[in-house]
Amino acid sequence: MVSHGVMYFSRCTGMPAAHVGGQVYPRGADGRFWVRGPMGIGAVGRAETLEEAFALVAANLPERCGPAILGTVGDV
């Protein structure tokens, strides 16, 4: 999901979301990205491209993190 220009990831498809993994923030006019931890806490790294940013998020997913489920955070 994208909210306020920030891409974040959830374990469910509905709202409220079950945030998991990192968040991808645009760094500004230079076209680069910041990757922060779940809920925007902590720094994971910087990325030159969106593909690199998503690779950082994927590499930092919790163990046994499966695909998103249909439902809300209460269903996870």
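Predicted model: local features only at pLDDT ≥ 70, side-chain atom pairs only at ≥ 80, totals over all residues.
1. Cysteines. The structure holds zero disulfides. A disulfide is a covalent bond between the sulfur atoms of two cysteines. The cut-off for a disulfide is a pair of sulfur atoms within 2.5 Å. Cysteine 65 is likewise in no disulfide, its nearest cysteine sulfur being that of cysteine 12.

2. Exposure of the cysteines. Cysteine 12 has a relative accessibility of 6% and counts as buried, because buried means under 20%. Cysteine 65 is partly exposed, with a relative accessible area of 25%.

3. The aromatic pair. There is one aromatic pair in the structure. A pair of aromatic rings is described by the distance of the centres and the angle of the planes. For phenylalanine 9 and phenylalanine 54, the ring centres are 6.0 Å apart and the planes stand at 90°, so the pair is edge-to-face. Angles over 60 degrees count as edge-to-face.

4. What the pair connects. Phenylalanine 9 belongs to strand S2 (residues 6–10) and phenylalanine 54 to helix H1 (residues 50–59), so the pair ties together parts that are 45 residues apart in sequence.

5. A charge over a ring. Which ring lies under the charged end of arginine 27? The ring is that of tryptophan 34, with its centre 5.0 Å from the charged end.

6. Glutamine 23. This residue is part of strand S3 (residues 19–26). Is glutamine 23 buried or exposed? Its relative accessibility is 8%, so glutamine 23 counts as buried. The side chain of glutamine 23 makes a polar contact of 2.7 Å with the side chain of tyrosine 25. Leaving aside residues up to four places away in sequence, glutamine 23 touches several others, including Val6, Met7, Tyr8, Trp34 and Val35.

7. The nonpolar core. Which residues make up the largest nonpolar core? They are Val24, Phe33, Val35, Ala47, Ala53 and Val57, six residues in all. Strand S4 (33–36) and H1 each supply at least two residues of this core.

8. Valine 35. Not counting residues up to four places away in sequence, valine 35 touches Val24, Ala53 and Val57, among others. Gln23 is also one of the residues that valine 35 touches.

Conventions:
Residues numbered from 1 in each chain as written. Heavy atoms only, no water. Buried < 20%, exposed > 50% of the residue type's maximum accessible area, 1.4 Å probe, protein only. Phe/Tyr/Trp six-rings, centres within 6.5 Å; stacked < 30°, edge-to-face > 60°. Helix = DSSP H or I, 4+ residues; strand = E, 2+ residues; numbered from the N terminus. Lys NZ or Arg CZ within 6 Å of the ring centre and 35° of its normal. Polar contact = N/O pair within 3.5 Å; in protein donor to acceptor, adjacent residues only side chain to side chain. Contact = heavy atoms within 4.5 Å. Core = buried A, V, L, I, M, F, W, Y, C linked by side-chain atoms within 4.5 Å.
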